[in-house]
Amino acid sequence: PCAPVPVPRHVNSHPTPTPTPRVRARTSSSSRLRQPDPARLRFSSAHLPGAYLRWVGRSVEMKIQMLVAEIRLLHPTELRAAFEKELEFYKAYHQNRINWALHAVFVPIEWWSFLAVCAIIHPHCSTVLALLVGCYYCVLVPPKKSFIGVIAAITQLLMATVANRFVKIRKESSSYGIRYGMLAILVLYFLSFSIQIAVGHWIIEKNQPGMSTKLNLNSVVLSPLLAWC
């Protein structure tokens with residue numbers, strides 16, 4: 001048999017692996033934030049009730065100031081000043097006498113149709129609304145023109161009475177009476193609205209209605225009173 005070949009001493013049949021250098025893990029900023037200082041925790045927890053109370057106090061103070069400002073707007077002087085601004089805005093879009101006369105006739109009709117719809121919901125709904133709007137008119141009108149506010153308030157109650165009577169008659173007439181009554185109310189509303197816009201503004205005044213520039217709840221409620229002032 002053949003003799004084994006001797007292996008030289010400088011050749012290693014099982015080389016030892018080279019050790020990998022250890023890399024020190026770096027702590028990121030997020031990990032440092034997750035471990036807050038206990039002393040800071042004790043400081044923030046000790047001062048949290050006081051800071052919270054100060055924040056609540058400032059919030060309540062701001063709410064009270066806003067409420068006082070809104071209450072001041074309900075003062076008769078402030079309401080009359082707002083009414084004068086609405087009246088000036090209304091007159092700027094209704095300078096023609098014929099257009100003014102059309103609005104003086106058809107704006108109350110348009111408002112009556114709204115009261116009639118309220119009467120369909122409940123008979124007292126239109127009466128309460130007319131009473132509130134009438135009182136609002138009496139407060140808004142200056143003392144020199146107080147008779148206009150009184151007449152407008154009485155007219156509101158009369159329109160609510162007529163609306164309630166109309167709805168009652170339509171309900172008692174037949175099963176379809178209220179449907180025909182609602183149809184008549186809608187036709188009357190759109191007819192009066194179309195005459196004001198198409199004839200009054202586009203043909204006579206040759207301008208756009210004021211509601212295209214400014215429309216809010218106050219202007220809608222004041223529309224019958226503005227049409228008569």
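Here is a walk through the structure, from its overall build to a few individual residues.

This is a predicted model, in which local features need pLDDT of at least 70 and side-chain atom pairs count only at pLDDT 80 or more, while totals for chains, interfaces and linings use all residues. Residues are numbered from 1 along each chain as its sequence is written, and side-chain values use heavy atoms, with hydrogens and water left out.

Let's start with the build. The protein has eight helices and zero strands, where helices (H or I, at least four residues) and strands (E, at least two) are DSSP runs numbered from the N terminus. Read from that end, the order of elements is α-α-α-α-α-α-α-α. Of the 229 residues, 25% count as buried; here buried means under 20% relative accessible area, exposed means over 50%, and partly exposed lies in between, with a 1.4 Å probe and protein chains only. The exposed surface comes to about 17,100 Å², with carbon and sulfur atoms supplying 68% of it (Shrake-Rupley method, 1.4 Å probe; for residues, only the protein chains shown count as cover). As for how the chain meets itself, among contacts with a separation of 6 or more, 76% are between residues 24 or more positions apart. A contact means heavy atoms within 4.5 Å.

At least two lining residues each come from helix H3 (76-93), helix H4 (97-121), helix H7 (177-205) and helix H8 (217-228). By class, the pocket lining has 13 nonpolar, seven polar and three charged residues. In this scheme Ala, Val, Leu, Ile, Met, Phe, Trp, Tyr, Cys and Pro are nonpolar, Asp, Glu, Lys and Arg are charged, and the others, Gly among them, are polar.

There is also one cavity of 30 Å³ or more, and the largest cavity holds about 50 Å³ of space. H6 and H8 are the elements that give two or more residues to its lining, and H6 gives the most, with four. The residues around this cavity are Pro 108, Tyr 137, Ala 152, Thr 155, Gln 156, Met 159, Pro 224, Leu 225 and Trp 228. They divide into seven nonpolar, two polar and no charged residues.

A word on how these spaces are found: on a 1 Å grid over the protein atoms alone, a cavity is a set of points where a 1.4 Å probe fits but cannot get out, and a pocket is an open set with protein on both sides within 12 Å along at least five of seven lines; lining residues have an atom within 4 Å of a point. Points are joined across faces, edges and corners, and a volume is the space filled by probe spheres set on them.

Now to the cysteines. A disulfide is a covalent bond between the sulfur atoms of two cysteines. The rule used here asks for a pair of cysteine sulfur atoms within 2.5 Å, and the count comes to zero. Cys 118 is buried, with a relative accessible area of 8%; its closest cysteine sulfur is in Cys 125, at 4.3 Å, so the two are too far apart for a bond. Cys 135, in helix H5, is partly exposed at 45% relative accessible area. The closest cysteine sulfur to that of Cys 135 is in Cys 138, and because they are 6.3 Å apart, that is too far for a bond.

Helix H5 also holds Ser 126, a buried residue with a relative accessible area of 0%. Leaving out residues up to four places away in sequence, Ser 126 touches Leu 115, Cys 118, Ala 119, Ala 160 and Asn 164. Its C-alpha atom is 7.8 Å from that of Ala 163, 37 residues apart along the chain.

We end at Lys 206, in the loop between H7 and H8. Lys 206 is exposed, with a relative accessible area of 68%. Its phi is near 55 degrees, a positive value in a residue other than glycine.
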